[in-house]
Amino acid sequence: MTQHVVIAGGGIGGLACALALARAGVSVDVLEQAAALGEVGAGLQLGPNAVRVLAEWGLTGALHARAAFPEDLRVRDAHGGQTLGRLRLGSVIRARYGQPYATIHRADLHGLLLEAVQQQRGVQVHLGARLASYETTPASVQARCEDDSLFQGAALIGADGLWSRVRTQLLGAQPVRLSGHLAYRGMVPAERVPAALRGSGVTAWLGPRLHVVHYPVKRGDWYNLVAVVHGVLGQGHGGPPGSDPQSWSHEARWNDLQRALGPVCKDLLDMLGAVDHWLLWALNDRPPMASEQEHAQGRVALLGDAAHPLRPYLAQGAAMAIEDAWTLGRLAQAQPDLATDHWPELLARYARTRWARNAMVQQRSARNGTIFHASGALRLARNAAMAMLGESLLDNPWLYSGPPEPS
Ligand SMILES: Cc1cc2nc3c(=O)[nH]c(=O)nc-3n(C[C@H](O)[C@H](O)[C@H](O)COP(=O)(O)OP(=O)(O)OC[C@H]3O[C@@H](n4cnc5c(N)ncnc54)[C@H](O)[C@@H]3O)c2cc1C
């Protein structure tokens, strides 16, 4: 009998999971609260670990049609402008890991996964379907949406993001961790990027209490910018106090960003000044996972940000969601005569394979924030280490060679 699974959340993680399970012959209901899937979000970086999974799923052509493939990652001082370190990407990283490093707009990655899912038999994406709660029985899980519609499966995967309801029911209510950091996001058409910065690289500018990252997306036709500063949503940033912390789309003012950045070098200021329209979002996460039980229990598992939300300073949020999905697909594929009884053990193996790697990525992401925003002696030590150790400090073989095979 075909196995059936319910996935809450149709973001990058939910769609990747639907694709991975469908490829393993499992049919899927995806419940997505949004009424429509549209052009939301900005740029994402995809390390070779994520690109490896997309390639295995036959999505190399779709990725090349939408992404950019930067030649290097250059770290510069936001005040003096000098280069602090460089990691060669392009053909060098491809030779090292067998896959390239890509940068892509979130909507494009979401779109290519949706197209792939739509080509699979047995996947139904339900829009306007907001999961309210679930009930487990010894042989199944029943998900209830806010409109009282019911969906039953052999397992429920909570891919419903940072504010996950599946997580709250599985692990109890735990407040998200406020980072005190805000991300200003904008896009610039390539022809308006200052000539000195027009190239196919990722540039990260570091300064005390700030960093800025920009890179090409949409095959190089646009550049994505994100500027991270310290502050509180609604207090000198964005709208009035009480702004919805869950929104990805607060309108932001260039004046607020400029004030928060303080004096930065001319190249950086010119780049930021080319953005017409800024959006703002508050960066929240949760402490690193502490056990496999935080990933799955019985017939219910968490995936992506629902399980391990992180700060975007290692650029691996989408990649970890994709790796989680790949692992589930791999386990389902490897199980002979997959049956309803197999799911608790399959999800337990998923949790065992994933939790420590995800915890490490969460921990390294938060640590990068401290290093990026350092001042005083830590800043000097960081700059000296980059000068001395060069590429080896910026490369992440433990990460980019993934995802690990299920254990
Ligand atoms: C609108 C949006 C824009 C984003 N933009 C960026 C960006 O520009 N840059 C970046 O680096 N990262 C961005 N992210 C985050 C990034 O996509 C994720 O960190 C990463 O891809 C992990 O994805 P995820 O699927 O686990 O979680 P998410 O991407 O958060 O997806 C969760 C999905 O679940 C849905 N959902 C939530 N609650 C329920 C419920 N109760 N019932 C049904 N569905 C539910 C949400 O609508 C969403 O589609 C964005 C996320 C979202 C939702």
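## Around the ligand and beyond

Let's start with the ligand: 29 residues surround it, and the closest are Gly-13, Glu-32, Ala-42, Arg-185 and Asp-305. Here, a residue is near a molecule if one of its heavy atoms lies within 4 Å of it. Keep in mind that this is a predicted model, where local features need pLDDT of at least 70 and side-chain atom pairs count only at pLDDT 80 or more, while totals for chains, interfaces and linings use all residues. Residues are numbered from 1 along each chain as its sequence is written, and side-chain values use heavy atoms, with hydrogens and water left out.

**The shell around the ligand**

- By class, the shell has 12 nonpolar, 11 polar and six charged residues. Ala, Val, Leu, Ile, Met, Phe, Trp, Tyr, Cys and Pro count as nonpolar, Asp, Glu, Lys and Arg as charged, and the others, Gly among them, as polar.
- At least two shell residues come from each of helix H1 (12-23), strand S2 (27-32), strand S3 (43-46) and helix H9 (317-334). Helices (H or I, at least four residues) and strands (E, at least two) are DSSP runs, numbered from the N terminus.

**Atoms that meet the ligand**

- The side chain of Gln-33 has an N or O atom 3.1 Å from an oxygen atom of the ligand.
- Arg-106 puts a polar side-chain atom 2.9 Å from a ligand oxygen atom.
- With Leu-131, it's a backbone N or O atom that lies 2.9 Å from a nitrogen atom of the ligand.
- On its own the ligand has 920 Å² of accessible area, and the protein covers 87% of that. Accessible areas come from the Shrake-Rupley method with a 1.4 Å probe; for residues, only the protein chains shown count as cover.

- Asp-256 sits in helix H7 (residues 254-261) and counts as buried because its relative accessibility is 5%. Buried means under 20% relative accessible area, exposed over 50%, and partly exposed in between (1.4 Å probe, protein chains only).
- The Asp-256 side chain also makes a polar contact with the side chain of Arg-253 (3.0 Å). That term means a pair of N or O atoms within 3.5 Å; within protein, one must be able to donate a hydrogen and the other to accept it, and residues adjacent in sequence count only if both atoms are side-chain atoms.
- Val-92 is in helix H4 (residues 90-97), and at 24% relative accessibility it counts as partly exposed.
- Leu-393 belongs to helix H12 (residues 391-394) and is partly exposed because its relative accessibility is 39%.
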